[in-house]
Amino acid sequence: DSRKADPPILLPMESRGRSILITGASGGIGRALALELAKGGARLTLVARNEARLKELAAEVEKSGGQAQVVVVDVTQAEAATRMVEAAIEAFGALDILVLNAGGTMWAPFDALKDPVAASRELMELNFFACVRITEAALPHIKRAKGLSVPVASVAGFTGVPTRTLY
């Protein structure tokens, strides 16, 4: 096959012993990533709002060979960033990799929005400012570990999509 596949950034076998914090871990990409990294023995700080789903995921991570702790927070709250990073450091002694996966979108035409400014602020708080705060809290630890920050993005951030007015 002449097609070149993109090399994986982090293989499960490379995750052994690494302290990895994943926001938006309770579903979708975050959940799938946690389960894959667990196979390689990662030490995971799983962050999201849904405690039941996080606890279920943590149990699956442990069964798959990883370690997990659950941090239930709303990433849009200012204190959440410090809380999740401190939890990772306290549990695992370091923070090697930050996966900024929490995010949201909106399916609505602009003229259907009751308050476009408020809706914009809410979406920016989740998709942008939360990432800034979390990165600010985590960066000294990531630099010390010579680690990685991995922001997860959508193709919709590069091109317009009908009815994704504010995204």
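How many salt bridges does a search of the whole structure find?

Mentor: Happy to walk you through it. This is a predicted model, so local features need pLDDT of at least 70 and side-chain atom pairs count only at pLDDT 80 or more, while totals for chains, interfaces and linings use all residues. Residues are numbered from 1 along each chain as its sequence is written, and side-chain values use heavy atoms, with hydrogens and water left out.

The search of the whole structure finds five salt bridges, where a salt bridge is a side-chain nitrogen of Lys or Arg within 4 Å of a carboxyl oxygen of Asp or Glu. One of them joins Glu60 and Arg31, at 2.4 Å from N to O. That pair links distant parts of the chain, with Glu60 in helix 2 (residues 51–63) and Arg31 in helix 1 (residues 28–39), 29 residues apart. Helices (H or I, at least four residues) and strands (E, at least two) are DSSP runs, numbered from the N terminus. Glu60 has 26% relative accessibility and counts as partly exposed; buried means under 20% relative accessible area, exposed over 50%, and partly exposed in between, with a 1.4 Å probe and protein chains only.

Lys39 is exposed at 52% relative accessibility, whereas Glu36 is partly exposed at 36%.

Glu125 and Arg133 form another salt bridge, at 2.3 Å from N to O. Both ends are partly exposed, Glu125 with a relative accessible area of 24% and Arg133 with 22%. Elsewhere, salt bridges that share partners join Arg31, Glu56 and Glu60 into one network.

An open sheet of five strands has the order 3-2-1-4-5, with parallel pairing; two strands pair if DSSP finds at least two bridges between them. Strand 3 (67–72) and strand 5 (148–151) are the edge strands, each pairing on one side only. Strand 2 (residues 43–48) runs parallel to strand 3 and is joined to it by six bridges. Within strand 3, Val72 is the bridge partner of Ala48.
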